[in-house]
Amino acid sequence: MTELFGVPIQALMGQLLLGLVNGSFYAILSLGLAIIFGLLNVVNFAHGAFYMLGAFLAWMGLSYFGLNYWVMLALAPLLVGLFGMVVERLLLRRLYGLDTSYSLLLTFGLTLLVEGMFRSIYGVSGQTFDMPDQLRGATNLGFMIMPNSRAWVVLASLVVCAATWYVIERTRLGSLLRAGTENAALTSAFGVNVPLMVTLTYGFGVALAAFAGVLAAPVVQLSPLMGQHLIITVFAVVVIGGMGSILGSILSGLMLGVVEGFTRVFYAEASSTVVFVIMAIVLLVRPSGLFGRER
Amino acid sequence: MKRINIRAALAVALGSLGLAAGTVHAQKISDDVIRIGLIDDMSGLYADVGGARGVEAIKMAIADAKGQLFGKKIELVVADHQNKADIGASKAREWFDQGGVDMLLGGSNSAVSLAMSKVAAEKHKPFIAIGAASARLTNEDCTPYTVHYAYDTVALGKGTGGALVDAGGKTWYFLTADYAFGASLQNDTSAVIAARGGQVLGSVKHPLNASDFSSFLLQAQASKAQILGLANAGGDTINSIKAANEFGVTKTMKLAGLLMFISDVHSLGLDLTQGMYLTTGFYWDLNEETRAWAKRFFEATHREPTMVQAAYYSATRTFLAAVEAAKTDDADAVMAQMKKAHIHDFFTKDGVIRADGRMVHDMYLMQVKSKAESKYPWDYYKVVKTIPGDQAFTPLAESKCSLVKK
Amino acid sequence: MSDQDRVLDSEPAAPASRGLGNLVPPDLRGFAVLAAVMLVAPLAGGYPIFLMKMLCYALFACAFNLLMGYAGLLSFGHAAFLGSAAYLSGQALKVWGMPTPLGLLFGAAVGAVLGLIIGWLAIRRTGVYLTMITLAFGQMLYFFYLQAGFTGGEDGLQGVPRGTLFGLDLGSDLTLYYVVLALFAAGFLLIYRTVHSPFGQILKAIRENEPRTTSLGYDTARFKLLAFVISAALAGLAGAMKTLVLGFATLSDAHWSLSGLVILMTLVGGVGTLMGPIIGAFAIVALEDKISDLGSWLARVTNVEWFASLGESSTIVTGLIFVVCVLAFRRGVVGEIIAWRARGK
């Protein structure tokens, strides 16, 4: 059995692969956050709550209506996206002239509200989400047994992230979005309905979070607090990648998941803080983030 | 502007005072009521072990005691500690200071119970720990007012741990909940393993109510131990077992559920749990008396009782019997009576509360039936052997409790 | 905070009017009344532990407000200061046998040192980036405390002795109450003096328009850092006081939800006002305590069973208040009162 730095290579590969799975979640979530911050200049603290909503909607769809996982994978993000658009129109819009801190606080309050409501109905301990049949089983990779469900998570996330990146960077719709980010006044002078674009963008961003939630439902403990565990780490990921950079957030997400896995092998206690240490260093040395441009 | 400021300040200060004073008037501090308090995890990972159904069991006990003693009404107050020691301890303190609570029942979570036991000792009120497992409650952290009723980590270690080592599981790896309970369970089981010629190859700690066990299980697998000791409970145990199956850990290691309740088996199903050993102080289907009581419990809650829920009933009746014998609810008199009592009910035939607070009674080593062996709903266990009380728990001579005269 | 929402300058520098021969400066009259009420509160039947809890959090909120309301820096990691001081002073009192007065000072010192480090790092950025840095450091410290042996992790650091203060036995709740009240008053007065000093004026100038303040020749970084240190030191004192009162320190003291809660307390009470945070803290602490009673009462009165479970969830109510406050009530209770009064003139 070969060893690397005193650790059996099997253990290392296993943790790295698990880190990649986590990284996929980080990537989708930070992608949504980056998009929202890029266009709206809003730090969406409620992103974790929307992620949880997606997961719970999937569970509710299955338990109450018998709708399977695959249906919910499309339906849940749609529903959550619509809800997000309502939130943007009714609540966030009122704060646009003010300091960004207010939207942070508003979305923080929303998080407490949503998580609190679900917590009072469902308690804190997890609900069970039955693994869809297509994802059951595992593949023996030699150094570890990889459940198919987790391989699916990585695949689905990469596809969605790549598709989003493509739309934003390479299509006309995306260029409208980027124009709106750079100069909203000028863009609307060209006849583009910027407020509508903003609403749709927020809806899309949180729909991404909900998508991640549905992906997570069979894999992670389904609890009203599941977003809480993630959200602050995801913030750190976005800051490291660069607050408005699409590619940056995807790459940072994947990278940091792997870094976490790596840390877990050698110095397990530090795995929860390594992301924040990196964030602090990045903020001090290269404030606009690894891939971002100074706003 | 200054006047308004003063008025505002006055209003709020008086308002807050009113609210603070409200705590005094909302509940009677009178001694014309025997008030029992329960602080348990009502909504978290241990909610199925005791929780709301446990409250039903206590209510049954109070009803069976005719709801009153010497003409004084018996009341129950309930609070959720949310697995936070500060919430549990603060609530206990407030109840003793302001709420007129005469006896405190402790639900799951050893850390919270340890904190509450200290408060009860400070306020000189009886505290009966039922849901918590850590044997520290009757050893290093014993007090004259603590009774540890249903089970503890030593009994679990000797029962399940001993059985597995004797069956050939010589090398162990622990997956441990990172707080007082997990640590106690791991320590006490490791002692048993070492005593019987086994070896602990390593361990990994996971946060309480962890969302994802995959990385911990990978580490466990890498150790190549024969047995994976799950030093956790409730939702954590359920999730560990699920993930262990998903990641194929069960193909190379045997799972030891060091603390498992019937609610866990019910949640996981027999497919995932069959063949697992577990140690318990109570099983609903053990004999006629347990079945009779369980039937009443089932009618009220639609589930069979866990050991903790059954113990809630038994402990409440024991306490009330002690109050009756002492003819007062004064804590010292009641504690003296409880330590003299012989507990004989459906929960245990011959229970005795020792000087260190430990309630000693027979424990049972069970094995989970396979689907084929299970003939009716909730028919989950078969008895492997009965462990007499004096063998299950720490002998008095070895107790680390300062109250025990050596 | 932006121009539109600048709280009308809290207590404008009023002339030291001796008016009716009253020796209490105008801005402190509100506080004087509060202090008088709190002096008699426990004797009137208030539960001392609960009152002391309110005072500790009120001090925490006032300390936070110094940074947010007067220096204009939103810290989302203030619980790190309170929690660190809570744990370290607890350790000092319980394990190192430090005498109680020193233990309290130690708590403040812990806060100050952390404020210096985190503040220095945070002020290198502005706006939401500064907030993110404080959040990150708060998380780092939280995870450190989760894993450090001495904190007891999930179990918490329990059994911290109260000791004696200048010969007074603090075991009695009542004695401790008056000590806590005195410390609270001292902390508040320190903030008052800071705010009404030239230093305080410059902080406000930095908040209003930092580039202009720099152009006037002030080293704004140094002022912001000092504000951080003072704020963190007082938060540390509040943490040490809290440990003393309750006898334990737990992870909740360092969790980011507490950071969020202190923001709410300040927001509800009135950012940038002196009395605001105190009122906000009292209100929120009382609410959290009474919410379950309120919930069961509402359930009984309306026959809607759901209210009973609302009672168990202070999170929902907290979230609701946050949302409403940010949308429609940004000036907070005291801020609104001041604005209303100013309109009336």
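**Entry 1: chain B, burial and overall form**

I looked up burial in chain B and found that 61% of its 406 residues count as buried. A residue is buried if 20 or more other C-beta atoms lie within 10 Å of its own, exposed if 12 or fewer, and partly exposed in between, with C-beta atoms placed from the backbone. I note that this is a predicted model, in which local features need pLDDT of at least 70 and side-chain atom pairs count only at pLDDT 80 or more, while totals for chains, interfaces and linings use all residues. Residues are numbered from 1 along each chain as its sequence is written, and chains are lettered from A and ligands numbered from 1 in the order in which they are written.

I then took the secondary structure of chain B, which has 15 helices and 16 strands. Helices (H or I, at least four residues) and strands (E, at least two) are DSSP runs, numbered from the N terminus. The radius of gyration of chain B is 22 Å, close to the 22 Å from the globule rule for 406 residues, so chain B is as compact as a globular protein of that length. The radius is taken over C-alpha atoms, and the globule rule is 2.2 Å times the number of residues to the power 0.38. I read the span of the C-alpha trace of chain B along its principal axes as about 75 × 60 × 45 Å.

For contacts in chain B with a separation of 6 or more, 72% are between residues 24 or more positions apart. Two residues are in contact if their C-beta atoms, placed from the backbone, lie within 7 Å.

**Entry 2: chain B, the six-stranded sheet**

I traced an open sheet of 6 strands in chain B, in the order E2-E3-E1-E4-E5-E6, with mixed pairing. Its edge strands are E2 (68–69) and E6 (146–148) of chain B, each pairing on one side only. Two strands pair if DSSP finds at least two bridges between them. E2(B) pairs with strand E3 (residues 72–80) of chain B in the antiparallel sense, over 2 bridges. I found Lys72(B) of E3(B) opposite Leu69(B).

Helix H4 (residues 110–123) of chain B packs on this sheet and touches strand E1 (33–40), strand E4 (103–106), strand E5 (127–129) and E6 of chain B. The direction of H4(B) makes about 165° with that of E5(B). Axes are lines fitted to C-alpha atoms, for helices over the stretch in contact, and angles run from 0 to 180 degrees between N-to-C directions.

I checked strand E9 (residues 227–231) of chain B and found 5 of its 5 residues buried. Ile227(B), Gly229(B) and Ala231(B) point one way from E9(B), while Leu228(B) and Leu230(B) point the other way. In a regular strand the side chains alternate between the two faces of the sheet.

E9(B) pairs in the parallel sense with strand E7 (residues 171–177) of chain B over 5 bridges. Gly229(B) in E9(B) is the bridge partner of Phe174(B). E9(B) also pairs in the parallel sense with strand E10 (residues 254–257) of chain B, over 4 bridges. There, Ile227(B) has Lys254(B) in E10(B) as its bridge partner.

**Entry 3: chain B, the three-stranded sheet**

I found another open sheet, of 3 strands in the order E12-E13-E14 (chain B), with antiparallel pairing. E12 (342–343) and E14 (359–360) of chain B are its edge strands. Strand E13 (residues 351–353) of chain B is joined to E14(B) by 2 bridges. Val352(B) stands opposite Val360(B) in E14(B).

**Entry 4: chain A against chain C**

I listed the contact between these chains, which takes 36 residues from chain A and 38 residues from chain C. Helix H4 (100–122), helix H9 (226–241) and helix H11 (274–285) of chain A each supply at least two residues of the side of chain A that touches chain C. H4(A) gives the most to that side, with 16 residues.

**Entry 5: chain C and helix H6**

I counted 14 helices and 2 strands in chain C. Of its 345 residues, 58% count as buried. The C-alpha trace of chain C spans about 50 × 50 × 45 Å along its principal axes.

I looked at the buried residues of H6(C), among them Leu176(C), Phe184(C) and Ile191(C). The buried residues of H6(C) pack against helix H1 (29–40), helix H2 (48–70), strand E1 (164–165), helix H7 (198–208) and helix H9 (220–246) of chain C.
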